[in-house]
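Me: I would like to talk through this model with you. Could you show it to me?

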Amino acid sequence: MKLEGKKALITGGNSGIGFATARLFIKEGAQVAITGRNQETLDAALAELGPKAIGFRGDVTDSKSRKAIFQQVGEKFGKLDIVFANAGIPGSTPAGSTKEELFEEIIRVNLASVFFTVQDALPFLNDGSSVILNGSVIGTLGQPGYSAYSASKAGVRALARTLAADLSPRNIRVNVVAPGATKTPIWARNSQRTAEESGEIAKKLASQIALGRWGEADEIAKAVLFLASDDSSYVQGAELFVDGGLTGTPLGGSLNRI
Ligand SMILES: NC(=O)c1ccc[n+]([C@@H]2O[C@H](COP(=O)([O-])OP(=O)(O)OC[C@H]3O[C@@H](n4cnc5c(N)ncnc54)[C@H](OP(=O)(O)O)[C@@H]3O)[C@@H](O)[C@H]2O)c1
């Protein structure tokens, strides 16, 4: 087991990639605290994760709520060894028709709150801990209509590099997992698309991916496990793409095969 005796906190652990990671961490011997805003999915996640998981309802953008959660996790777990700052939101912000509030909200959740989650975690982190931030291929690839999301995820990469420098004296490692298109509930959030339209988009996207398919949340979780465990003991300030080749070989999909 790769995380025997370790204690982890995962923001957004009640859904998608965060939940898959919580499940894998527990399988590998860790105790896991998960957070999320939706009490119903939080309860369902905790029921499935079993006695090695604890959960707290909270919003990552709310300073009081973040601090209260770390306080309670500290009381239950003592110090933490792993923080996965995973919570994030999608959002389309096309140039020409985007309201400032939405742009700012995406940056607040996906970037500012990631920094403050790590900052609030610091008094509760053991030296030698691992911090993993959830980025995205969109932080590297230009995609029409996604300025705020893409800036937030490019910001996450820059954040990881600077935090890695800040925290290296405590031997704390900070790295980014950057997923490509992954099957999670995020794709249905704030979406007015019909199931048919979503299916078409899914097919189109798959044709742009060298491996020809979407990723599973469990496949991202395995990369997070690598970054969380001693297997990555010399990996610092890195961004690990888990994207079926979307960034490494952007012309590698079936769309471009002649
Ligand atoms: N799926 C993909 O294709 C993909 C690709 C690249 C990157 N990512 C990144 O992966 C991360 C996880 O996304 P996912 O795909 O697993 O989507 P998801 O299933 O929608 O999960 C998002 C999680 O973030 C939580 N969250 C959002 N805003 C929050 C807030 N203000 N406070 C607390 N929790 C909040 C949600 O909790 P509630 O449900 O309780 O609100 C949920 O647990 C995100 O950072 C996303 O940008 C996903």
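**A loop, a sheet and a ligand**

Me: Where is the place of Asn171?
Reply: Asn171 lies in the loop between α5 and β6. Helices (DSSP runs of H or I, at least four residues) and strands (runs of E, at least two) are numbered from the N terminus.

Me: How should I read the numbering and the values?
Reply: This is a predicted model, in which local features need pLDDT of at least 70 and side-chain atom pairs count only at pLDDT 80 or more, while totals for chains, interfaces and linings use all residues. Residues are numbered from 1 along each chain as its sequence is written, and side-chain values use heavy atoms, with hydrogens and water left out.

Me: Back to Asn171: buried or exposed?
Reply: Asn171 counts as exposed because its relative accessibility is 53%. The terms refer to relative accessible area: buried is under 20%, exposed is over 50%, and partly exposed is in between (1.4 Å probe, protein chains only).

Me: What about phi of Asn171?
Reply: The phi of Asn171 is near 60 degrees, a positive value in a residue other than glycine. Most residues other than glycine have a negative phi.

Me: Which strands pair with β6?
Reply: β6 pairs with β5 in the parallel sense over five bridges, with Ile132 and Asn175 as bridge partners. Four bridges also join β6 to β9 (residues 239-242), again in parallel, and there Val176 has Glu239 as its bridge partner. Two strands pair if DSSP finds at least two bridges between them.

Me: How is β4 placed, and how many of its residues are buried?
Reply: Six of the six residues of β4 (residues 80-85) are buried, so β4 is largely enclosed by the rest of the structure. Three bridges join β4 to β1 (residues 7-11), and the two run parallel; Ala8 stands opposite Ile82 there. β4 also runs parallel to β5 (residues 125-134), with five bridges between them, and Val83 stands opposite Val131.

Me: What about the loop between β4 and α4?
Reply: Ser97 is found in that loop and counts as exposed because its relative accessibility is 58%. The C-alpha atoms of Ser97 and Gly145 are separated by 9.8 Å, and the two residues are 48 residues apart along the chain.

Me: New topic: which residues come nearest to the ligand?
Reply: Of the 30 residues around the ligand, Asn14, Ser15, Tyr149, Thr184 and Arg189 come nearest.

Me: Which polar atoms lie by an oxygen or nitrogen atom of the ligand?
Reply: A polar backbone atom of Asn38 is 2.7 Å from an oxygen atom of the ligand. A polar side-chain atom of Asp59 lies 2.9 Å from a nitrogen atom of the ligand. Gly180 has a backbone N or O atom 3.4 Å from an oxygen atom of the ligand.

Me: How much of the ligand's accessible area does the protein cover?
Reply: The protein covers 97% of the 890 Å² that the ligand has on its own, by the Shrake-Rupley method with a 1.4 Å probe. The elements giving two or more residues to the shell are α1 (16-27) and α5 (147-167).

Terms used: A residue is near a molecule or strand if one of its heavy atoms lies within 4 Å of it. A polar contact is a pair of N or O atoms within 3.5 Å; within protein, one must be able to donate a hydrogen and the other to accept it, and residues adjacent in sequence count only if both atoms are side-chain atoms.
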